[in-house]
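Hello,

Here is the structure I promised to pass on to you. Please open it first, then read my notes below.

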Amino acid sequence: MGYSKNLGAGLFTMLLLAPAIMATDPDPLQDFCVADLDGKAVSVNGHTCKPMSEAGDDFLFSSKLTKAGNTSTPNGSAVTELDVAEWPGTNTLGVSMNRVDFAPGGTNPPHIHPRATEIGMVMKGELLVGILGSLDSGNKLYSRVVRAGETFVIPRGLMHFQFNVGKTEAYMVVSFNSQNPGIVFVPLTLFGSNPPIPTPVLTKALRVEAGVVELLKSKFAGGS
């Protein structure tokens, strides 16, 4: 008797939820959904759409990546982002791009993209590309010098870096399968978080003295 009641309740719940479940659609319901970056409402997978009458006619095009970034930075590199915030036409499409410029000896320090796989091409110069496997792989470092015209791929969530090993400036262009791939710079996250990670946590994790941790924190003060 108890089983029948539970079965009946389960069927009732399924029937109650069925209209909501059937109302979803995994495919786009319009040609374009140009992001309304000034709108307050944000849905699960993107910004709300501007009315097409207000979107203009250039939302599918961008020239931002034609310009080199300023590599006079502590890392000797500059990232030019072209995600949905910079290119509203990519809203809900699941794609974005970056350009990264490198001075000689410049690096794009170890970082992670938590929401996207990355595929890239070196456009000029030669870069050491390093990808760190998870603990399952024994923390293996996969690396190679990638030259102009050559490509690389980085699985979602794996730590990686690029370093200009050449004597001239270099740059690469990368694409992501997300309109907002996100980025976690490992050194900045560890030593420049807000609020700071307690020093005893880092001394234990890194197996160093407190003075070393405090020195590193001073290098990333202000989140830069």
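What follows is a short tour, from the whole protein to one annotated site.

This is a predicted model, so local features need pLDDT of at least 70 and side-chain atom pairs count only at pLDDT 80 or more, while totals for chains, interfaces and linings use all residues. Residues are numbered from 1 along each chain as its sequence is written, and side-chain values use heavy atoms, with hydrogens and water left out.

The protein has 4 helices and 12 strands (DSSP runs, H or I of at least four residues for helices and E of at least two for strands, numbered from the N terminus). Of its 224 residues, 29% count as buried, meaning under 20% relative accessible area with a 1.4 Å probe, protein chains only.

Now for the site. The unreviewed UniProt entry lists Asn98, Asn108, His113 and Glu118 under "binding site"; such annotations may be inferred rather than shown by experiment. These residues span 21 positions in sequence, yet no two of their C-alpha atoms are more than 14.1 Å apart, so they gather at one spot.

Two of them are worth a visit:

- Asn108 sits in strand E5 (residues 107-112) and is buried at 4% relative accessibility. Beyond its neighbours within four places in sequence, its contacts (heavy atoms within 4.5 Å) include Ser77, Phe102 and Phe185.
- His113 lies in the loop between E5 and strand E6 (118-124) and is buried too, at 5%. Leaving out residues up to four places away in sequence, His113 touches Glu118, Arg156 and His160, among others.

Enjoy exploring!

Conventions
Buried < 20%, exposed > 50% of the residue type's maximum accessible area, 1.4 Å probe, protein only.
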